Amino acid sequence: DCLSEIEKINEVFSKLFWGWRDEEHRLNELNCESEMVEVAMQPSTVKVYAERLSEINVKYIEEKWAKTHFSNPRFNSFSEFERYCEDWATIFKECAAESNGLIIYAFG
């Protein structure tokens, strides 16, 4: 159902962008001390998140989006949000296919 799709999205993006929430969501499997490293995932974790993202049916939540996110400051439309999810799914899929980890840095 729609709620489970939203929960899947929140599970993935709360790890990628833990700064929107709090430190307990931070995923740093390299235990890197650099403040610039936002997220560090080992290849096995990247594979898990790639699978989770591939399972999400973003279109399924379009109606819910229209009712609740019409003024979201990050996305002007559902299609922008859908593209954003697809882009991240592609990044994870390609990293997983090559057995790569993923590190996200913050600049500025």
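Author: Leaving aside neighbours within four places in sequence, glutamate 82 is in contact (heavy atoms within 4.5 Å) with Val58 and Lys59. This is a predicted model, in which local features need pLDDT of at least 70 and side-chain atom pairs count only at pLDDT 80 or more, while totals for chains, interfaces and linings use all residues. Residues are numbered from 1 along each chain as its sequence is written, and side-chain values use heavy atoms, with hydrogens and water left out.

Reader: Why is glutamate 82 called buried?

Author: Buried means under 20% relative accessible area, exposed over 50% and partly exposed in between, with a 1.4 Å probe and protein chains only. Glutamate 82 has 16% relative accessibility and therefore counts as buried. Its place is in helix H4, a helix being a DSSP run of H or I with at least four residues, a strand a run of E with at least two, both numbered from the N terminus.

Reader: Which residues line the second largest pocket?

Author: The lining consists of Ala50, Leu53, Ser54, Ile56, Val58, Glu82, Cys85, Glu86, Ala89 and Lys93. Helix H2 (43-55) and helix H4 (78-97) are the elements that give two or more residues to this lining, and H4 gives the most, with five. A pocket is an open set of points on a 1 Å grid over the protein atoms alone, where a 1.4 Å probe fits, with protein on both sides within 12 Å along at least five of seven lines; lining residues have an atom within 4 Å of a point.

Reader: How do you know that cysteine 85 is buried?

Author: Cysteine 85 has a relative accessible area of 5%, so it is buried. Cysteine 95, at 15%, is buried as well.

Reader: How many disulfides are there?

Author: The count comes to zero, where a disulfide is a pair of cysteine sulfur atoms within 2.5 Å.

Reader: What makes S1 and S2 a pair of strands?

Author: Two strands pair if DSSP finds at least two bridges between them. Four bridges join S1 to S2 (residues 102-105), and the two run antiparallel. Valine 39 stands opposite isoleucine 104 in S2.

Reader: What makes strand S1 mostly covered?

Author: Four of the five residues of S1 (residues 37-41) are buried. In the chain, buried residues make up 33% of the 108 residues.
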